[in-house]
Amino acid sequence: MHNLSRWMPGIAFCANFDGRDAIWMIRRINGSNVTLADIDNKSVLVKPEAELEECLENKALQFMADDRYNGEIVFQDLPEEYQKETARRYAYVREFLDSDDRKRSKKKLEKIIEKVAEKIDDDTPPAWNTFNNWLNKYFNAGCRIKGLYPNDPKKGRRDIRVDPRVREIIDQSVKLYFKNGQMLVSSIHQMVEAKVLKHNLSNPDDLLAIPAYSTVDYHIKKRSYQEHVKGRIGKNAARYECANVGEAPQTSRILERVEADHTPLDINVLHDETRTLLGRPTLTLLIDHYSRMVMGFQISFEEPSYASAAMAIGSAILPKKDLLEFYGVEGDWPAHGVMEMLVADNGTEFWGDNLDMAISEVGSVLQYAPVRSPNYKGVVERFFLTLRTGLIDSLPGKTNGVGNGSDEYIAQNEAKLTLSEFKKIFLTWLVNIYHLEPHGKAEKSPLDLWNESAREFPVVEEDAKRIETALMCSDTRILQRSGIQYENLEYNSDLLRDIYRREGVVELLIRYSPFDIGHIYVWDKLNRIYIRVPCVNYRYAKGLSMYAHKAIRKRINTARKSYKDNVILQRAKVELFGDLESLHDRNVRKKSQATAKKAARIHSLGVEDFSANTNINDPAPVVIQNIQAEEVTDDWEVW
């Protein structure tokens, strides 16, 4: 756990992380990682708490409020009484500097004190040893006047004179204050008092002093305001209270701020092969705030979730050349790279630990928009309106919304475009129309703004395999003798058995693709690599999405049969997909179309897979954190 009195949001310190001294402020704490913001150029870094503790121990990091560091406060920032005191001290120091020699004997310093006190009419001249201390501070500060600043606010005892055992009792009791029950401070004090009395009654020879009410109140108030709101009012209130408010900040370069959001598209599309009605797909989109260049997107029937968000983020970070070639779209789409900040709304798909962990691993920072503040993500909201009016409005199968348009217009029956056809049209419009026209108050197009900024701030091309692996869903599972069990499926391999022989029963971090549960990746903490572990029942799990697997399990559960019977799993899979084909066949013959959105999601329609088949007998390790090795994520590509 992090030290609440040391590492908490809003605390500032001076450190050298990128070759220059800068003042950093703690913006957020996520587990053992601390997100820092440079208060001068607004750059953001994520540092492990252990590294910061090491820097503090080595004196490479100094808190602004630390008595060993005066900060960068200038003379004009001091209160008036401190300015007068500093000027008085400097008058004595200057007289010493103007003297012929630099000897600091008692006799010489007393003469200087007497001379200066008469000159400036000082009624309380310093003692010669006090004057000598002023000279030491002045020279230690590099002969700068800040060494003479008064340290009155930093005087006094910093710690509370409480027995460590009593402090432990207070810390344990204070936790109850930060609960939704909203206990009073007086009640917490009574609990502390009772526990101390219990100790004293049991140990008459080792009595502990009962802390005062003010001591307990101090330990409560030293917690951060965000923790106070979260515990006393609730998580939702804390998110709203501590989120940024007002207009979105201005940006000066690409990738400084990228906005993300979901929306159901106002158009019905058909199945690529059977041409039966699927319904309205969902668009997940990321857009660069500075240039208005779309960074990446995902159009599928996956509900807004971590899976759809991760695929869109992967599409944004990686180059788009293969995507354009796959759909046969000609044009220039240079947008790619890791964004400094990803701004998302407060949907459940963005609040999960999976996304927060993945965003941190790729090197970005996730920020949430204030509740009920759509203007905070105005760029992406504006794009959705432009897409609706500039493209979808002219396509067959568009939806007009309830109460809009003629009663005789049925959007489902007017659908003519397949999902792949719509994607190609969307890409063509995006690359060759939207990116080439100025938007908002800009005088240049998104493409021109991106290229100009990229020449000044070149964008590094990220490794595709590393990004894909980082954006997979993550979870923890216990390694048993039989391997790892996840969603009632067994995963095992020779490499995993080697870990079991080495560590025995242990909890391991795993990563998996929600669109192919045929294999998972397991984190080997000792070697710091990911190893690929196939499903024991690979014939069943290969290419199967998590959503389809849960639908099969639900059908088995209805029939009251065992999840672990592989024959039943395969029979249910055949039965489920057989029913979907029957649904498509029935729907073709109907004049009035009905959507098959659930069937589309089970088939993972809209999720591209351009990769070659993977050899399950060669689970090559995936190396993370600058360890060279080969990554294998061929069964799940992010676009």
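Is Asp266 buried, partly exposed or exposed, judged by its relative accessibility? In this predicted model, Asp266 counts as partly exposed, at 23% relative accessibility.

The side chain of Asp266 meets that of Arg280 in a salt bridge, with an N to O distance of 2.9 Å. This pair links distant parts of the chain, 14 residues apart, since Asp266 sits in the loop between strands E6 and E7 (269-270) while Arg280 sits in the loop between strand E8 (277-279) and strand E9 (282-288). Arg280 is partly exposed, its relative accessible area being 30%.

Both residues also belong to a network of salt bridges that links Asp266, Arg280, Arg388, Asp393 and Lys398.

Asp261 and Lys377 join through their side chains in a salt bridge of 3.1 Å, N to O.

In helix H19 (residues 494-503), Asp498 and Arg501 lie three residues apart, which is about one turn of the helix. Their closest N and O atoms are 2.6 Å apart, and the two residues form a salt bridge. Asp498 counts as partly exposed at 39% relative accessibility, whereas Arg501 is exposed, with a relative accessible area of 62%.

## Whole structure

A search of the whole structure finds 27 salt bridges, among them the Asp261 and Lys377 pair described above.

Definitions and conventions
Residues are numbered from 1 along each chain as its sequence is written. This is a predicted model: local features need pLDDT of at least 70, side-chain atom pairs count only at pLDDT 80 or more; totals for chains, interfaces and linings use all residues. Side-chain values use heavy atoms; hydrogens and water are left out. A salt bridge is a side-chain nitrogen of Lys or Arg within 4 Å of a carboxyl oxygen of Asp or Glu. Helices (H or I, at least four residues) and strands (E, at least two) are DSSP runs, numbered from the N terminus. Buried means under 20% relative accessible area, exposed over 50%, partly exposed in between (1.4 Å probe, protein chains only).
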